[in-house]
Amino acid sequence: MIQLTAGANAPVPSSELIVKIDFAPISQSLDISSFRLYDSGKVRGDSDMVFYGQKSNDDGTIRLITENAGLVAFSVNVNALKADVQKVAFSATCDAGKNIGQLSKLLLTVEQAGNTILQAQVDVAGKQEAALILGELYRRNNEWKFRFISQGFNGGLKPLAEHFGVDIA
């Protein structure tokens with residue numbers, strides 16, 4: 001298993017992967033989303049965002065499969081992603097009035113066939129942002145990698161989604 005630090009990346013297999021986000025305390029609601037991104041670094045439409053209100057994208061390559069207190073998991077069929085998909089980004093957003101620094105744990109895990117292949121522990125201490133880009137699967141030279149990002153956004157889900165090109169009505 002590979003332990004990633006912020007900014008680091010590692011290769012991942014072109015197969016079905018499970019991306020888990022584990023957090024505590026479970027009393028703090030955390031909305032976890034994924035965004036399917038293209039050359040522009042943006043989505044092309046609403047079907048590119050997977051979250052509690054839309055548990056699968058239009059072609060079923062990204063699905064929200066677990067949503068329990070303290071654990072959210074996505075299934076990503078990397079091999080089935082269309083050739084023009086360049087990235088799949090994962091984010092966490094706190095409820096209004098809360099911030100990432102109020103969490104005691106935020107852990108990202110990538111698994112293949114039940115085996116953990118990489119983990120990234122978010123350093124939550126002192127983070128004042130309400131939203132965070134956790135990491136991304138990305139295509140480079142026809143191979144897939146995972147990058148641990150841990151980049152914060154103030155204002156919550158709306159500015160984060162708009163950063164990825166989602167039109168918030």
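Select Asp48 and the residues around it: leaving aside residues up to four places away in sequence, Asp48 touches Ser34, Phe35, Arg36, Tyr38 and Val43, where contact means heavy atoms within 4.5 Å. The model on screen is predicted, so that local features need pLDDT of at least 70 and side-chain atom pairs count only at pLDDT 80 or more, while totals for chains, interfaces and linings use all residues. Residues are numbered from 1 along each chain as its sequence is written, and side-chain values use heavy atoms, with hydrogens and water left out.

Stay on Asp48, which is found in the loop between β4 (30–37) and β5 (49–50); strands (E, at least two residues) and helices (H or I, at least four) are DSSP runs, numbered from the N terminus. With a relative accessible area of 2%, Asp48 is buried, a term that stands for under 20% relative accessible area, as against exposed for over 50% and partly exposed in between (1.4 Å probe, protein chains only). Show its side chain, which makes a polar contact with the side chain of Tyr38 (3.1 Å) and also reaches the backbone nitrogen of Arg44 at 2.6 Å. A polar contact here is a pair of N or O atoms within 3.5 Å; within protein, one must be able to donate a hydrogen and the other to accept it, and residues adjacent in sequence count only if both atoms are side-chain atoms.

Next, select β4. Seven of the eight residues of β4 are buried, so this strand is largely enclosed by the rest of the structure. Colour strand β8 (residues 87–94) as well, since β4 and β8 pair in the antiparallel sense over eight bridges; two strands pair if DSSP finds at least two bridges between them. Within this pairing, Ser33 has Ser91 of β8 as its bridge partner. The antiparallel strands β4 and β5 are joined by two bridges, and there Ser34 stands opposite Val50 in β5.

Now turn to the open sheet, in which six strands follow the order β1-β10-β9-β3-β7-β6 with mixed pairing. β1 (2–4) and β6 (62–68) stand at the edges, each with a single partner strand, so one side of each is left without a neighbour in the sheet. Neighbouring strands of this sheet are turned by 20 degrees against each other on average, direction ignored; the axes are lines fitted to C-alpha atoms, for helices over the stretch in contact, and angles run from 0 to 180 degrees between N-to-C directions. Within the sheet, select strand β3 (residues 16–24) and strand β9 (residues 105–112), which run antiparallel and are joined by eight bridges, and find Leu17 opposite Gln112 in β9.

From β9, move back to the loop between β8 and β9, where Gly97 is found. Gly97 counts as exposed, at 77% relative accessibility. A distance drawn from its C-alpha atom to that of Asn57, 40 residues apart along the chain, comes to 29 Å.

Of its 169 residues, 45% count as buried. Among the contacts in the chain with a separation of 6 or more, 66% are between residues 24 or more positions apart. The C-alpha atoms fill a box of roughly 40 × 40 × 25 Å, taken along the principal axes.
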